[in-house]
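Me: I would like to go through this model with you. Please begin with the terms and then move to the particulars.

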Amino acid sequence: MIVRQLNPWGPNWNHPGSAYAQMRRDMDSLLERLSGVPADGSAAGVFPPMNVSEDPGHYYIRALIPGIDASQLNVSVVHQTVTVSGARQSPEEEGVSYHRKERAEGAFSRSVTLPASFDGARVDAKYVDGILTLTLPKPEAAKPRRVTVQTS
Amino acid sequence: MATDKTQGLQTREARDLAATMEATRPGVLLTPPVDIFEDPNAITVLADMPGVNPERLKIDLHEGVLTITGHADASEGPNEVTGVQEYRAGTFQRSFTLSEAIDQNQIRATLKHGVLRLRLPKAEQAKPRQIEIRTD
């Protein structure tokens, strides 16, 4: 079972827009091109690889989980933590011999802690072409608000 | 470099590809992980290509080299700011060398939930044959 917790806005992660984060992405991209090994964590046995992003109204979590039945996916939301779990099993093939087995297989579970609490009922989950997309509307308190500065 | 020679199918490593091919479109070039298995009638290749739909998938057979190419577009909206990025959208590509043991006219491909399934039927002469032993 692969269990790993992500905390995108926690102390261990750089602010998304920071120059350092951008540099790290560029470095990953360079290393990947030179070595031919993906820098996306898939080679390190982390499954599924996830991207987390936000816009003013929503958080988005996208996970690459190709070849699974939507009914085999569990998404749960508890306060600030969103957990995606399931199992990816190759269909049982009768009487075959394997030459290569590179695709990740088995049970997985990953959690993401976001900076706000969510109402699970309002989370939208879609599974298209092997990508799970979770759309989480930000609670009012977490939305950016313009404050008017008054001069006396 | 590890290459496995199976009967009729040989996987080209990403590094081989890089030598013969330059990226011609923006975005990263990704090597999809594959499962390859063989039964008496065919060799089957499964490749993970999340985000690729059938319209963006190309399967090319040229001089005995089967190349699969699929493009996945980034699904982020224009106003989104990324917090964690563990994968990037790009072009999946991988090549396989086929021998004459594959019936190249009968290759079938299906793409479902981001997994490509290629069935490469063996040519008649490559199938295992039971040889009857007679005793006089």
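Reply: Two residues are in contact if their C-beta atoms, placed from the backbone, lie within 7 Å. This is a predicted model, in which local features need pLDDT of at least 70 and side-chain atom pairs count only at pLDDT 80 or more, while totals for chains, interfaces and linings use all residues. Residues are numbered from 1 along each chain as its sequence is written, and chains are lettered from A and ligands numbered from 1 in the order in which they are written.

Me: Which residues is B:Pro50 in contact with, leaving aside its neighbours within four places in sequence?
Reply: In chain A they are A:Leu64, A:Pro66, A:Asp129, A:Gly130 and A:Ile131, and in chain B they are B:Ala72 and B:Gly114.

Me: Where is B:Pro50 found, and why does it count as buried?
Reply: B:Pro50 is in the loop between strand S5 (42-48) and strand S6 (57-62) of chain B. Helices (H or I, at least four residues) and strands (E, at least two) are DSSP runs, numbered from the N terminus. B:Pro50 counts as buried because 26 other C-beta atoms lie within 10 Å. The cut-offs are 20 or more other C-beta atoms within 10 Å of a residue's own for buried, 12 or fewer for exposed, and partly exposed in between, with C-beta atoms placed from the backbone.

Me: Which strands pair between the chains?
Reply: S6(A) is joined to strand S4 (residues 34-38) of chain B by four bridges, and the two run antiparallel. A:Lys101 stands opposite B:Asp35 there. S2(A) also pairs in the antiparallel sense with strand S8 (residues 81-85) of chain B, over four bridges, with A:Ser53 opposite B:Thr82. Two strands pair if DSSP finds at least two bridges between them.

Me: What order do the strands take in the open sheet of five?
Reply: The order is S6(A)-S4(B)-S5(B)-S11(B)-S10(B), with antiparallel pairing. S6 (97-101) of chain A and S10 (108-112) of chain B are the edge strands, each pairing on one side only.

Me: Turning to chain A, is S3(A) mostly covered or mostly open?
Reply: S3(A) is mostly covered, with six of its seven residues buried. A hairpin through three residues joins S2(A) to S3(A), and these strands pair in the antiparallel sense over five bridges. In S3(A), A:Tyr59 is the bridge partner of A:Glu54. S3(A) is also joined to S9(A) by seven bridges, again antiparallel, with A:His58 partnered by A:Pro137.

Me: What is the mean pLDDT of chain A?
Reply: The mean is 80, and 78% of the residues of chain A reach 70 or more. pLDDT is the predictor's confidence in each residue, from 0 to 100. Over residues 39-43 of chain A the pLDDT is below 50, although this stretch has 13 contacts in the model beyond near neighbours in sequence. Where pLDDT is low, the predicted coordinates should not be read in detail.
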